[in-house]
Amino acid sequence: MKNEIEFRGLLDLYKKHRLLRPATIECYSDAVTNLERFAGRGVRLDGLSVDLLLEHRLWCLSRIKATSYNKHRRHLRALLNFAISEGLFLESQPFAKVGPAPAGARRPKTVPVGWYKKTMRLLDRESVAGLKTPHFWRLIF
């Protein structure tokens, strides 16, 4: 009986117990909707397995970016942690065996030193083609 609760019902219960911003509620709802698109509407806690979540991860990664999947995973994991703490879900956390998707490395926010020096030398010239105020661009850069 405890595991017969659906994810949508679990989300409603979670919203009653936690004070969440509307944007946060929307993120949780998106995560549940995403799971329902994959597994069918009315996904119940007792129908959840590691295999289902692994297939869900592959399905998601074929449609959305890894960072988006990881956000959905975090929200679903939080819902299951809540269900476990409330005694609604007797099994262990299935997301413990379903890791996050590898997200690409961020590009550096700085300019390489060689490129910087080359640009400064170009701006030091008195007549730069098309630039009327090279000193301004030097300050900006």
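Guide: Start with a term for exposure: a residue is buried under 20% relative accessible area, exposed over 50%, and partly exposed in between. Keep in mind that this is a predicted model.

Visitor: Which residues touch the most other members of the largest nonpolar core?

Guide: The general idea comes before the case. In soluble globular proteins, nonpolar side chains tend to be buried together. Here the largest nonpolar core has 27 residues, and those touching the most other members are F7, L10, L45, L76, L79, L80 and F95. At least two core residues come from each of α1 (7-17), α2, α3 and α4 (66-85). The most come from α4, which gives seven.

Visitor: How many aromatic pairs does the structure hold?

Guide: There are three aromatic pairs. One of them joins Y14 and Y28, with 5.2 Å centre to centre and 45° between the planes. Planes under 30 degrees apart count as stacked and over 60 as edge-to-face, so this pair, falling in the middle range, is tilted.

Visitor: Which parts of the chain does that pair tie together?

Guide: Y14 belongs to helix α1 and Y28 to helix α2, so the pair ties together parts 14 residues apart in sequence. Y14 and Y28 are both buried.

Visitor: What is the geometry of the pair formed by Y14 and F82?

Guide: That pair is edge-to-face, at 5.1 Å centre to centre and 80° between the planes. It links distant parts of the chain, as Y14 is in helix α1 and F82 in helix α4, 68 residues apart. The relative accessible area of Y14 is 7%, under the 20% cut-off, so Y14 is buried. F82 is buried too, at 1%. Through ring pairs, Y14, Y28 and F82 are linked into a cluster.

Visitor: How many salt bridges are there?

Guide: The count is four. To read one, look at the distance from side-chain nitrogen to carboxyl oxygen, which has to be within 4 Å. R8 and E36 form one of these bridges, at 3.0 Å from N to O. R8 is in helix α1 and E36 in helix α2, so this bridge ties together parts 28 residues apart in sequence. R8 is partly exposed, with a relative accessible area of 23%, whereas E36 is buried at 6%.

Visitor: How far apart are K15 and D12 in helix α1?

Guide: They are three residues apart, about one turn of the helix. Their side chains meet in a salt bridge of 3.6 Å, N to O. K15 is partly exposed at 32%, and D12 is partly exposed at 38%.

Visitor: What about R44 and D46?

Guide: Their side chains also form a salt bridge, at 2.6 Å from N to O. Shared partners also matter when reading salt bridges: R8, E36 and R41 are joined into one network in this way.

Visitor: Which residues form a nonpolar patch on the surface?

Guide: The patch is made of V111, W115, Y116 and F141, which together have about 390 Å² of accessible area. Y116 sits in helix α5 (residues 113-124) and is partly exposed, at 39% relative accessibility.

Technical notes
Residues are numbered from 1 along each chain as its sequence is written. This is a predicted model: local features need pLDDT of at least 70, side-chain atom pairs count only at pLDDT 80 or more; totals for chains, interfaces and linings use all residues. Side-chain values use heavy atoms; hydrogens and water are left out. A nonpolar core is a set of buried Ala, Val, Leu, Ile, Met, Phe, Trp, Tyr and Cys residues joined through side-chain atoms within 4.5 Å. Buried means under 20% relative accessible area, exposed over 50%, partly exposed in between (1.4 Å probe, protein chains only). Helices (H or I, at least four residues) and strands (E, at least two) are DSSP runs, numbered from the N terminus. Rings of Phe, Tyr and Trp (its six-membered ring) pair if their centres lie within 6.5 Å; planes under 30 degrees apart count as stacked, over 60 as edge-to-face and the rest as tilted. Patches are made of residues with over 30% relative accessible area and no salt bridge: like charges are joined within 9 Å, nonpolar side chains (Val, Leu, Ile, Met, Phe, Trp, Tyr) within 5 Å. Accessible areas come from the Shrake-Rupley method with a 1.4 Å probe; for residues, only the protein chains shown count as cover.
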